[in-house]
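Dear colleague,

My findings follow it, arranged by topic.

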Amino acid sequence: RNPHYPPEVCTRVCLLNFCITPTGLEDQLLGVVVAKERPDLEEDKARLIVAGAENARRLKETEDQILRVLSSSQGNILDDGEAVEILQAAKKLSDEIAAKQKDAERTEAAIDRARTGYAPIAAHASVLFFCVEKLASIDPMYQYSLAYFFSLFNRSIDESPKAQAVPKRLELLRDHFTFFLYTNVCRSLFEKDKLL
């Protein structure tokens, strides 16, 4: 989130946002468009991330348990029945988690392939944001926030004509968003700069 300062502070300082890069913005926009167009993919991706974190936590607990058993074991570890049972359970759990991780990797690859179908609109919108951002070099009043840009992008996704085929949908969305952004930016330009 951007920091909020009173107007008297904003007039005396120049706020710089070092967080946004074209690639980072493109990833964020891709997430937005896929969440709107294919919410099932975004839900699956979020579920995979949570499952991966849970599996990593369970593996860490198992490793800690093995280390505890090994450090407390005295003599031959194969003679300690409890240690052998814990090691066998750990091996079984490790195999289960490895199988789940392989399934998750295949599912994630399929999701990423589907998501990349929407990458052209994210790249286009990212380029447009940085073009609009350059307007501030003409006049300091022409500064548009990222939140404003995202709100226009979301409205454009909702209001643009729908199509079943992804390439056609992307074409309609690109045309609608470009014109929508253009009209909103033009509305805020000073008369002296409208010829640019």
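For the helix pairs discussed here, each axis is a line fitted to the C-alpha atoms over the stretch in contact, and the angle between two axes runs from 0 to 180 degrees between the N-to-C directions. Please bear in mind throughout that this is a predicted model.

Helix packing

I begin with helix H6, residues 146–159, and helix H7, residues 166–187: their axes come within 9 Å and cross at roughly 135°. Angles over 145 degrees count as roughly antiparallel and those from 65 to 115 as roughly perpendicular. H6 and H7 are therefore oblique to each other. The crossing in which H6 passes H7 is right-handed.

Ser156 belongs to helix H6, and Leu173 lies in helix H7. In sequence Ser156 and Leu173 are 17 residues apart, while in space their C-alpha atoms are 7.2 Å apart. Are these two residues buried or exposed? Ser156 is buried, because its relative accessible area is 0%, and Leu173 counts as buried at 1% relative accessibility. Leu173 can also be set against Ile97, which is 76 residues away along the chain; the C-alpha atoms of that pair are separated by 41 Å.

Helix H7 also packs with helix H5, at an angle of about 15° and with the axes 10 Å apart. Since angles under 35 degrees count as roughly parallel, that makes H5 roughly parallel to H7. H5 passes H7 in a right-handed crossing.

H5, which spans residues 119–133, has a further neighbour in helix H2, residues 22–37: the two axes come within 8 Å and cross at roughly 130°. That angle makes H2 oblique to H5. Here too the crossing, with H2 passing H5, is right-handed. Within helix H2 is found Thr23, which is exposed because its relative accessible area is 55%. Thr23 and Ala122 are 99 residues apart in sequence, yet their C-alpha atoms are 9.6 Å apart in space.

Salt bridges

How many salt bridges does a search of the whole structure find? The search finds 15.

The side chains of Asp112 and Lys45 meet in a salt bridge, at 3.1 Å from N to O. This pair links distant parts of the chain, with Asp112 in helix H4 (residues 81–116) and Lys45 in helix H3 (residues 39–72), 67 residues apart. The two partners fall into separate accessibility classes: Asp112 counts as partly exposed at 30% relative accessibility, whereas Lys45 is buried, with a relative accessible area of 16%.

Another salt bridge joins the side chains of Glu54 and Arg57, at 2.3 Å from N to O. Because they are three residues apart in helix H3, Glu54 and Arg57 are separated by about one helical turn. Glu54 counts as partly exposed at 32% relative accessibility, and Arg57 likewise counts as partly exposed at 38%.

Asp40 forms a salt bridge with Arg38, and the closest N and O atoms of that pair are 3.3 Å apart. Asp40 is partly exposed, with a relative accessible area of 35%. Arg38 is partly exposed as well, with a relative accessible area of 31%.

Surface

Which residues make the nonpolar surface patch of about 240 Å²? Tyr5, Val9 and Val13 make this patch. Val9 is found in helix H1, residues 7–10. With a relative accessible area of 31%, Val9 is partly exposed. That value matters for the assignment, because patch residues must have over 30% relative accessible area.

Yours sincerely

Conventions. Residues are numbered from 1 along each chain as its sequence is written. This is a predicted model: local features need pLDDT of at least 70, side-chain atom pairs count only at pLDDT 80 or more; totals for chains, interfaces and linings use all residues. Side-chain values use heavy atoms; hydrogens and water are left out. Patches are made of residues with over 30% relative accessible area and no salt bridge: like charges are joined within 9 Å, nonpolar side chains (Val, Leu, Ile, Met, Phe, Trp, Tyr) within 5 Å. Accessible areas come from the Shrake-Rupley method with a 1.4 Å probe; for residues, only the protein chains shown count as cover. A salt bridge is a side-chain nitrogen of Lys or Arg within 4 Å of a carboxyl oxygen of Asp or Glu. Helices (H or I, at least four residues) and strands (E, at least two) are DSSP runs, numbered from the N terminus. Buried means under 20% relative accessible area, exposed over 50%, partly exposed in between (1.4 Å probe, protein chains only). A crossing is left-handed if the near helix is turned anticlockwise from the far one by less than a right angle, and right-handed if clockwise.
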